[in-house]
Amino acid sequence: MSRRALVWSGSAVAVVALAGLVVYVARAGLDEADKLAGVIGAFVGLAGLGVSVYGMIRGDPPAGPGPGSVVVKGDNSGVIATGDAADVRMTTEPDP
């Protein structure tokens with residue numbers, strides 16, 4: 001599935017969930033909705049914790065720098081040109 005389709009489908013799910021939440025709060029009242037929100041929040045928090053632990057256990061190495069990237073360690077006090085048609089001019093006078 002393309003990234004655009006994922007964004008649109010995620011947006012549609014969020015809109016439907018928001019509409020459902022509004023309808024539920026209108027019918028059940030704030031007290032019942034507050035209790036349900038606490039339970040749902042606990043399960044969402046546990047799911048997030050599980051996903052983060054899975055990500056740590058999986059241990060994929062971080063992606064290295066891509067083409068045109070520059071890695072600077074320490075103090076950099078100059079200009080970095082990656083060679084991708086960058087026009088870098090260092091002068092004491094402003095450009096005309």
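Let's start at one residue: Met56 lies in helix H2. Helices here are DSSP runs of H or I with at least four residues, strands are runs of E with at least two, and both are numbered from the N terminus. The model you are looking at is predicted, so local features need pLDDT of at least 70 and side-chain atom pairs count only at pLDDT 80 or more, while totals for chains, interfaces and linings use all residues. Residues are numbered from 1 along each chain as its sequence is written, and side-chain values use heavy atoms, with hydrogens and water left out.

Now step back to the whole protein chain, which has two helices and zero strands. Helix H1 covers residues 3-28, and its 26 residues reach 37 Å from first C-alpha to last, close to the expected 38 Å. That expected span is 1.5 Å times one less than the number of residues. Just after H1 comes Gly29, with a positive phi of about 95 degrees.

Helix H2 takes up residues 30-58; because 29 residues at 1.5 Å each should span 42 Å, the 41 Å between its end C-alpha atoms agrees.

How open is Met56, buried or exposed? Met56 is exposed, because its relative accessible area is 67%; buried means under 20%, exposed over 50%, and partly exposed in between (1.4 Å probe, protein chains only). Of the 96 residues in the protein chain, 1% count as buried.

A salt bridge puts a side-chain nitrogen of Lys or Arg within 4 Å of a carboxyl oxygen of Asp or Glu. Lys35 and Asp31 form one at 3.6 Å, N to O. Both lie in helix H2, four residues apart, about one turn of the helix.
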